[in-house]
Amino acid sequence: MKNIQTIITMCAFTFCLACGCTNCNNGQLPLKEGSLEEVYLTETTTDFSFWAPTANEVVLNLYHDGAKGEPFNTIKLKRHKDGSWRTSIEGNLTGIFYTFKAKIGEKWLEETPGIFARATGVNGARAAIVDFRALNPQGWDEDKAPLPSSFNDIILYELHHRDFSIDPSSGITNRGKFLALTEKGTTNAKGASTGIDHLKELGVTHIHLMPSYDYSSVDEEHLERNEYNWGYDPVNYNTPEGSYSTDPFDPTVRIKEFKQMVKALHEAGICVVMDVVYNHLSDAGSSAFERSVPGYFFRMKEDGGYADASGCGNETASEREMMRRFMVESVVRWVKEYHIDGFRFDLMGIHDITTMNQIRKALDEISPNIVIYGEGWAASTPAFDADSMAMKANIYRMPGIAAFSDELRDAIRGPFSNDEKAGFFAVEEDLRESIKFGIAGAIEHPQIDYSKVNYTDRAWAAEPSQMISYVSCHDDLCLVDRIKASLGNPDEKEIIKLDKLAQTIVFTSQGIPFIYAGEEVFRNKKGVHNTFKSPDDVNAINWNNKTRYRDLFEYYQGLIALRKAHPAFRLASADLVRKHLEFLPSDNIGVVAFALNANAGGDVSERIVVIFNANDQKVDVDIPAGDYIAVCAKGKIDLAGLFTVSSDRVRVGAREALILCSNL
Ligand code: CA
C-alpha cells in the first residue's frame, strides 16, 4: 500500500496549487505560531486567529445568539504567513457568538466554530466569547487535587453522569447534571448515602467521567426528551457538554458548573479523570477540522474516503503536526482551566506513540501524577504505520501511560466476542496463565507461560502501573448481566459470590484497579449488551440497591480498604513484583494462588497468601506453612481478621477467594 503520509502531503499540495497559496513549501503546510486558540481577549481588543492555510478567503461572522438569527457583522480576515487568518476588533466582545467560514478554491465551506472553541452556544454550532476569569467558583485558585504520589495507589471508578444520578432513588436534586457531583448529604429512601458521599464511603481515589466534552447525540435544545447517549461522538473537544448543564443556551453555565463539580470532588478527596475521544469526530464532513483544512486532520483511504479504524466513520491523524499539537494543547487546557487530574484515551491505538509521549511530557511539566491510560486497541487496523501506533503491544515504549488488560478481563468473565461463554468461572478451559498475567500487572514474570496467555504472547508493560485491571466497564454486558448470560442464569446468591470473586482478582492484581459505577450495588442493565443509547430505565443505577445489597457494597468497600492497607498489592516497580510475587503450584484449572512474600512494598504482613477458587465445590490448597489470619473468606472482608489459620494447607469454599495475612 502507498504510504499514507505521501498521499496527504500530495493532497495538501494540490489544494495549495488550486488556491494559489504561496506559503506552501514542497507541499508542507505552514504551521501556526503559538497556541491553536482562536480568540483572545485583551484590555482593548478581541483578536481572532483561524488556521486555514489552504483557504484563499476566510470570513468571521458575529452573532448575538448562540443558534438563531443572522450575523450582525461579517468580517474578512487577513492571511498571515503562518497559515492562520486574523483580525483584531476593538472592544471586549464577551457575550458575542462567532463562526468562521473558509473558501477553498471556488467553494465556500459551511460555517464552523473552529477546532479550538472553548465555549459554545446550544448544541455547539457557534463559538462564544466568555471571560473565563469571571467563571471560577469561589476558592478556585486554592483548589488542589488530592493526587496520589504513585499511579499504583489509584482506584478508578467509571461513571456516566446520567447513570449515576438520574434515578430518583439517588435523592439528588440536579439529577443527570454536573452539579449532581456537588451535592452532599444525599441518600436513598433508606438513608444510605448516594452521590459524592457514596464515592467517599466506597473509597475510590479517582472518578473517570465518561465523555463530558461537547458531543452530538443529545439535542441540547430539547432536554425534556430525556435523550441518553454515552457521548462517544465528539463535536467540540474543548467545551463541556451542554446537556449536563442546567442551561445549555448560556455558554457560561456549563463552564461554571463543570468547575464547581471538580472543586467539590477535590474537596471530597477525589480526583477527576476525563474520557477523551480524539480518535474520531461525530461526523468528519461537518466537523470543525474538515471545515478548516479539508483532508488534513483525518487519515484518508486511497479512494479518497475517510479511513475508519474507529468504526465510527473516520479516524484522526495524530501523526500530523497540527493534530498532534491540538491534542497536546487540548489536554493541557483541561488541566489548567478545569483542574482535571487524568485522561482515559478512547481507542488510543488509533493515535501514534510520539503523540502520546508528547502528551505525557506536556502533562509531566504540570504534574507527573496526572494519570494517562487508554484502550490499547482500535476497532480495525488504523491507516498508518503499525509499528508507530499506541497499541497495547507498544505500551512499554510509552512510559507513564497505561492500557486496559483485556487478557485479565476476558480470562475472568469470558471473551468479548461471545456473551454466553464464561471464562475462569466455567472451569472448562485452562485460563490460569491469563489470570496470572493480570495479577502480575502485565509485566515480565518468570512464572508465567506467555504462550498460554490469551490475546498476547508476551508481557507488554514495563511497569505494573501501565496496566489497568478490570472485569467490566461501560462496554459489553455489565458484570451481573455477564455472569447471568455466561453461566446459565444462576441464582442471585451464586451471582453475588461470582461477582465478589471477580472483583477480588481485580483488586489483588498489581497495576491500577478499575470498576464500573454501580457494580458495587449489584447494578444490572437488563441484559442489554450495548447500552450507548438505551433509555434511563436500562442505564440508571438504582440506589435503593445499596440497602438491599449492603453485603455486596461492604465487600467492594472492603476490597478497596484491603488494597489501601496493604502496599503488597500495589508494588511500585516490575522488579519489586518479580522479587515478591510468587505463584503457588496448583493442579486444578479452577484455582489460582499466589503469595506476596518478604513484607512486599514495606507491607506490615511478612507474607500474604491469595487463593481464587472458581470451582463450584470447595478445594484444599497447599500454602507456605505459617500462622495467618484470614482477612477475606466466605464472601466477607475484615482487615482485623475473620479467623486464624496455622497450617500448610487450607480449604477454600466454592467460588470464593481466601486471603491470608501473616504477622499482623
Ligand atoms: Ca452537545
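A: Helices, of at least four residues, and strands, of at least two, are DSSP runs numbered from the N terminus. In this predicted model, counting such runs over the chain gives 14 helices and 26 strands.

Q: Why can the chain be called as compact as a globular protein of its length?
A: For 664 residues the globule rule gives 26 Å. The chain is as compact as a globular protein of that length because its own value is close to that figure, with a radius of gyration of 26 Å.

Q: What share of the residues in the chain is buried?
A: Buried here means under 20% relative accessible area. Applied to the 664 residues in the chain, that criterion gives a buried share of 63%.

Q: What percentage of the contacts with a separation of 6 or more comes from residues 24 or more positions apart?
A: A contact requires heavy atoms within 4.5 Å. Among contacts in the chain with a separation of 6 or more, residues 24 or more positions apart account for 70%.

Q: How far apart are the mean positions of the positive and negative charges?
A: The chain carries 70 positive and 93 negative charges.

Q: How many residues does domain 2 bring to its contact with domain 1?
A: The chain is divided into three parts, with domain 1 covering 30–135, domain 2 covering 151–569 and domain 3 covering 581–661. The centres of domain 1 and domain 2, taken over C-alpha atoms, are separated by 33 Å. Their contact takes 36 residues from domain 1, while the number from domain 2 is 35 residues.

Key
Residues numbered from 1 in each chain as written. Predicted model: local features only at pLDDT ≥ 70, side-chain atom pairs only at ≥ 80, totals over all residues. Heavy atoms only, no water. Rg over C-alpha atoms; globule rule 2.2 N^0.38 Å. Buried < 20%, exposed > 50% of the residue type's maximum accessible area, 1.4 Å probe, protein only. Lys, Arg positive; Asp, Glu negative; His and termini not counted. Charge placed at Lys NZ, Arg CZ, Asp CG, Glu CD. Domains from an automatic or database assignment.
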